[in-house]
Amino acid sequence: QVQLQESGPGLVKSSQTLSLTCTISSGSITPGYTAWGWIRQPPGKGIEWMGVIYYDGSTYYSPSLKSRTSISRDVSKNQFSLQLISVTPEDTAVYYCARGIDWVYDSWGQGTQVTVSS
């Protein structure tokens, strides 16, 4: 069990870049098969897995978002980040960072609302 917290601006203008950071406490990014991921839920829609990053920097993204998504990590700061470029109002959602092991996400941040204005 680890603790995570998302941070970043809650409002982003259309066509700009959405940037969020997840800070890990009571845990750390360490070598292994643990995935550090970003998940979002648009209003009125289901959960959408966006992508993950591993300790070595390997990343995997949802095919629908791959062209616009970049996940990075800073081991020294115990953080990983999300960048989503060219956003539209359809990207408005609650964004979560989470830890995943074999597709089971056992630890989640509280989520942060991001609204993309027209």
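**Pocket and aromatic pairs at a glance**

Tyr54 is partly exposed, as its relative accessible area comes to 21%. Keep in mind that this is a predicted model. Tyr54 is a handy place to start: it belongs to the lining of the largest pocket, and its ring pairs with that of Tyr60.

**The largest pocket**
- The volume of the largest pocket is about 150 Å³.
- Its lining is made up of Tyr33, Ala35, Trp49, Val52, Tyr54, Tyr60, Gly100, Ile101, Asp102, Trp103 and Tyr105.
- Two elements, β5 (48–53) and β9 (93–101), each give two or more residues to that lining.
- Sorted by class, the lining has nine nonpolar residues, one polar and one charged.

**Aromatic pairs**
- The count of aromatic pairs is six.
- One of them joins Trp36 and Phe80: the ring centres sit 5.9 Å apart and the planes meet at 55 degrees, so this pair is tilted.
- Trp36 lies in strand β4 (residues 35–41) and Phe80 in strand β8 (residues 79–84), so to speak a link between distant parts of the chain, 44 residues apart.
- Both partners are tucked away: Trp36 is buried at 2% relative accessibility, and Phe80 is buried at 0%.
- Tyr54 and Tyr60 have ring centres 6.0 Å apart and planes at 85 degrees; anything over 60 counts as edge-to-face, so that is what this pair is.
- Tyr60, like Tyr54, counts as partly exposed, with Tyr60 at 49% relative accessibility.

Technical notes
Residues numbered from 1 in each chain as written. Predicted model: local features only at pLDDT ≥ 70, side-chain atom pairs only at ≥ 80, totals over all residues. Heavy atoms only, no water. 1 Å grid on protein atoms, 1.4 Å probe; cavity = no way out; pocket = protein on both sides within 12 Å on 5 of 7 lines; lining within 4 Å. Points joined across faces, edges and corners; volume = space filled by probe spheres on them. Helix = DSSP H or I, 4+ residues; strand = E, 2+ residues; numbered from the N terminus. Nonpolar A, V, L, I, M, F, W, Y, C, P; charged D, E, K, R; others polar. Phe/Tyr/Trp six-rings, centres within 6.5 Å; stacked < 30°, edge-to-face > 60°. Buried < 20%, exposed > 50% of the residue type's maximum accessible area, 1.4 Å probe, protein only.
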